[in-house]
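Welcome! Here is a short tour for someone meeting this structure for the first time.

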Amino acid sequence: MEKEIPLRLAVLGHPQRLSVLRLLMRRYPDRVPAGEISAALDVKPSTLSSYLSALMQVGLVTKAREGTWLYYRANVPAMTETLNALVVDCCRGRPELCLPFQTDPRSEIERMTEQTYNVLFICTGNSARSIFAETLLRSEGGDRFNVYSAGTRPSSELNPVALDVLRAKGHETANLRAKNVSEFIGDTAPKFDFVFTVCDQAANEECPAWDGQPISGHWGMPDPVKAEGSQAEQSLAFQQAYGTLKNRIRAFAALPFAELDRVSLQRAVDDIGQSNCAEPEHLTI
């Protein structure tokens with residue numbers, strides 16, 4: 001342990017190696033292909049290979065092969081071990097001196113036992129998936145949630161097929177609009193309890209430093225807007241996205257929030273994000 005921790009810190013002292021780990025942590029528990037990491041960080045494959053090799057040598061990243069593809073995932077237990085060593089050794093067992101976890105004056109217990117939770121869903125365009133999620137949680141969760149959605153590079157308007165899907169399901173769409181994530185940063189923005197990314201591209205990007213340390217989750221899924229083929233095949237892509245999100249939103253809204261601590265809530269959110277089974281939906285487009 002005495003040798004491993006300094007080696008890990010030395011590896012993370014390189015800005016681009018740190019960026020690789022940060023991306024994998026944002027995508028956790030997903031395994032991410034090397035090509036996607038390379039494209040997201042604009043790093044040459046050969047250079048990325050050396051970064052990943054260094055991170056694996058110190059145990060911060062794991063690798064798995066599926067056919068001809070290599071996938072990488074952050075090794076969270078190793079990160080926990082590293083942080084624990086810093087808290088115990090450097091902070092002398094007094095984390096309040098080193099780790100500013102409580103940036104919100106409300107305590108964690110107070111925040112997680114409130115009856116109303118602020119939730120933000122993020123994707124790139126904010127035209128379909130995050131709009132589905134916003135609408136579904138508002139419907140499934142009622143007044144227990146204040147729900148918002150935004151895009152890192154939002155479209156000028158919502159996808160018309162997505163709107164048709166929502167109307168066909170009986171959802172009100174008049175007040176929906178595409179929003180930039182910058183609207184939810186700053187002193188006047190809501191203090192979020194949960195922040196979800198629903199597309200891989202948005203999760204690959206650097207996230208704002210959200211006030212109050214909200215629980216975050218990645219619920220990635222294919223973008224129905226990019227679906228190709230016949231109109232029926234494109235409609236099926238929206239059906240699957242809506243169905244997958246409906247299942248995840250229902251599971252999330254049913255969580256016993258007041259009975260779970262932060263670690264248990266984070267684990268539940270991650271587990272929900274690994275559920276990829278879409279509920280069959282009949283679409284009329």
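Glu183 forms a salt bridge with Arg177, and their closest N and O atoms are 3.0 Å apart. A salt bridge here is a side-chain nitrogen of Lys or Arg within 4 Å of a carboxyl oxygen of Asp or Glu. Glu183 is partly exposed, with a relative accessible area of 40%, and Arg177 is partly exposed too, at 43%. (Buried means under 20% relative accessible area, exposed over 50%, partly exposed in between, with a 1.4 Å probe and protein chains only.)

## About the model

This is a predicted model, in which local features need pLDDT of at least 70 and side-chain atom pairs count only at pLDDT 80 or more, while totals for chains, interfaces and linings use all residues. Residues are numbered from 1 along each chain as its sequence is written, and side-chain values use heavy atoms, leaving out hydrogens and water.

## Salt bridges across the sequence

The structure holds 15 salt bridges. In one of them, Arg27 pairs with Asp200, with the closest N and O atoms 3.3 Å apart. Arg27 lies in helix α2 and Asp200 in helix α9 (residues 200-204), so the pair ties together parts that are 173 residues apart in sequence. Helices (H or I, at least four residues) and strands (E, at least two) are DSSP runs, numbered from the N terminus. Arg27 counts as buried at 3% relative accessibility, whereas Asp200 is partly exposed at 26%.

Arg153 forms a salt bridge with Glu205, their closest N and O atoms being 2.8 Å apart. Arg153 sits in the loop between β5 and α8 (160-168) and Glu205 in the loop between α9 and β7, so this pair links parts 52 residues apart in sequence.

## The sheet

Four strands make an open sheet in the order β5-β4-β6-β7, with parallel pairing; two strands pair if DSSP finds at least two bridges between them. β5 (145-151) and β7 (215-218) stand at the edges with a single partner strand each, so one side of each has no neighbour in the sheet. Strand β6 (residues 194-197) is joined to β7 by four bridges, and Val195 has Ser216 as its bridge partner in β7.

## Two crossing helices

The axes of α2 (residues 15-27) and α4 (residues 45-57) come within 10 Å and cross at roughly 75°. Axes are lines fitted to C-alpha atoms, for helices over the stretch in contact, and angles run from 0 to 180 degrees between N-to-C directions. Contact means heavy atoms within 4.5 Å. Among the residues making this contact are Val20 and Leu21 of α2 and Leu48 and Tyr51 of α4.
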